[in-house]
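This report describes selected features of one structure, beginning with a pair of charged side chains. The sequence and the structure are shown below.

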Amino acid sequence: MSTFDSTKLPLKDLLKEIVSGKIQLPDFQRGWVWDDEHVRSLLVSLGRSFPVGAVMLLETGGEVRFQVRPVENVPPQGLAAPEKLILDGQQRLTTLTQVLKLSGPVKTTTEKGKPVDRYYYIHIPTALAGPDRLDDALIATDGSRQIRSDFGRNIVLDLSTRELECQQLYFPCAEILEAMGWLQDLYQMNSAAVPQFFEFKSQVLDAFNDYQIPLIVLKKETSKEAVCLVFEKVNTGGVPLSVFELVTASYAADGYNLRDDWYGSELRNVSSRRQRLAVEPLLRGVENTDFLQAITMLHTLEKRRADLAAGKTGKQVSPVSAKRASVLELPLSAYLKWTDTVEQGFLRAAKFLRQECFTSQRDLPYRTQLAPLAAVLAVMGDNERWREPQIYQKLARWYWCGVLGELYGGAVESRMANDVEELLGWIEHAGDVPRTINDATFQIDRLSSLTSRLSAAYKGINVLVLREGAHDLFWKSQIRNLEADEVALDIHHIFPKDWCEKNGITRRLYDSIINKTPISYKANRMIGGSAPSVYLAALQSHPQVQLDDASMDKLLASHHMPVAPLREDDFITFYELRQKALLALIEKAMGKASNPA
């Protein structure tokens, strides 16, 4: 038995059902995202009777019961109960509803995404010059029905009254499907143009009024699985659907609003899980896909352990997974079981990262490492077991191997899943060391190539220096405490750039992390372009600093700087010794020796 019907419906009838509420949207559908250029292009295609693609609808009343909402800007009051829902064609139908059926301005965006109000018109004489001129004839005004130039100072075209429209022969697109009212006003205000209008109606307006939209209507008997699969397959154009949107569609078919759970809803009095996580500055970059991946890994880990306990072997045993296909298969029951636990896991991950001296989202080497970390900490329960020294050391070693081995960039779904199972096994049962620790290597010559603060290893090394207790050269306090007090800090050259270039030091050497360290703006301002021997003397003698050599040497040593060559302005010796000092710091964090160049 066929699960769908294929037919056609006049555009005007389809839009009529949308504004009456008989056709609405499943609430999981994203908002209207088309810009002004897309709107114009669609109108021109209709006016020239070009095909614009089929629309797919789903009959209501079956086992799939989505929450619904009207198409954007359709007044929600007094709407009929929906008989069909839009699965594919939302952007086109929303555009046409706003332009052709609603009286207010179309709230669209520029190509750069800036919100704008637009009214669309067709210039009758230009449109009559030939079908290929319709693109030129279609214009858009601002919200006051004017076009301005010179940053809004000059009015190029004014259509703010019906009389101005009639005199200049600009026909409003909002009246394309109901043109008789405008014609009556034209009789009164510009009767000489009436014959021209009827020619325009025949050549242009009738194309809109006669336009038939191809429809595919899924019957209400269609299963939830089929609806969700169809939704994924047909939504391939425009802005691609994310995993979150596809899972949202699946859960919506079971009556659960995942979008509300993540983003919150004032209308339905649902708090936002994302906002609860964002209370922690380190978690403000967590995305809904990260959260879903963490839950999926725990759900698949549970299945894997059950399979092993049942004596299954080989391919009979479910793998732990964070892959897209596994996330899409995550059942609602598993989401509801794990969601609060995983939320707590992310919050514990933020505590762990603060302990390791991370303070802000921009300091994090990899966002992707948060999901496996949160999953592991979620499984460990509500207590503070993760703080126990032996467990904490294992967590820290795994984390820093991922960062300094630069293993969490790119496609890392398999690594994430392996790490969750192996890290938990290592912690709970003294199992084998996770493969991320085994895979991690740090080449000695990598230090000299680390120049970008966007690099994961660069960020990691900077935080390691802070974690070891680096003090500021001006304020004398630990930099991590100054950062908590919002003192302006950054990573600056130790041997200044100007000094290096004047002394023949190549950029490759002076711009690497070996010659950089975190200090305050006050210290950096005093360093300027001077030689280290000069700026250290200036800092020590500053009225607010007042340090002898031994005390300043102690501050320098807290940055793992070799003091003697720094005071002697010996860049090459300084470079070689600090490279060794940073390598020792890296090896300590990773729990393994670095590799020779």
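The side chains of Glu280 and Arg354 form a salt bridge, with an N to O distance of 2.5 Å; a salt bridge here is a side-chain nitrogen of Lys or Arg within 4 Å of a carboxyl oxygen of Asp or Glu. This pair connects distant parts of the chain, 74 residues apart: Glu280 is in the loop between helix 12 (273–278) and helix 13 (288–309), and Arg354 is in helix 15 (residues 332–355). Helices (H or I, at least four residues) and strands (E, at least two) are DSSP runs, numbered from the N terminus. Glu280 is buried, at 15% relative accessible area, whereas Arg354 is partly exposed, at 39%. Buried means under 20% relative accessible area, exposed over 50%, and partly exposed in between (1.4 Å probe, protein chains only).

The model is predicted: local features need pLDDT of at least 70, side-chain atom pairs count only at pLDDT 80 or more, and totals for chains, interfaces and linings use all residues. Residues are numbered from 1 along each chain as its sequence is written, and side-chain values use heavy atoms, with hydrogens and water left out.

## Further charged pairs

Side chains of opposite charge can pair when their charged atoms come close. The structure holds 34 salt bridges. One of them joins Lys107 to Asp117 at 3.5 Å, N to O. Lys107 belongs to strand 6 (residues 106–109) and Asp117 to strand 7 (residues 115–123), so this pair ties together parts that are ten residues apart in sequence. Lys107 is partly exposed, with a relative accessible area of 47%, and Asp117 is partly exposed as well, at 30%.

Glu422 and Arg435 also meet through their side chains in a salt bridge, at 2.5 Å, N to O. Glu422 lies in helix 18 (residues 413–429) and Arg435 in helix 19 (residues 435–439), 13 residues apart. Glu422 is buried, with a relative accessible area of 18%, while Arg435 is partly exposed at 38%. Elsewhere, salt bridges that share partners join Arg145, Arg162, Glu165, Glu175 and Asp185 into one network.

## The mixed sheet and its helices

Six strands form an open sheet of mixed pairing, in the order 1-12-3-5-2-4; two strands pair if DSSP finds at least two bridges between them. Strand 1 (4–10) and strand 4 (68–69) are the edge strands, each pairing on one side only. Strand 2 (residues 23–26) and strand 5 (residues 84–88) run parallel and are joined by two bridges. Ile23 stands opposite Lys84 in strand 5.

Helix 3 (residues 90–100) packs on the sheet and touches strand 2, strand 3 (55–59), strand 4 and strand 5, where contact means heavy atoms within 4.5 Å. The direction of helix 3 makes about 120° with that of strand 5. Axes are lines fitted to C-alpha atoms, for helices over the stretch in contact, and angles run from 0 to 180 degrees between N-to-C directions. Helix 1 (residues 11–20) lies across strand 1, strand 2 and strand 12 (212–218), at about 105° to strand 1.

## Helix 21

Eleven of the twelve residues of helix 21 are buried, among them Tyr458, Lys459 and Asn462. Just after helix 21, Gly469 takes a positive phi of about 100°.
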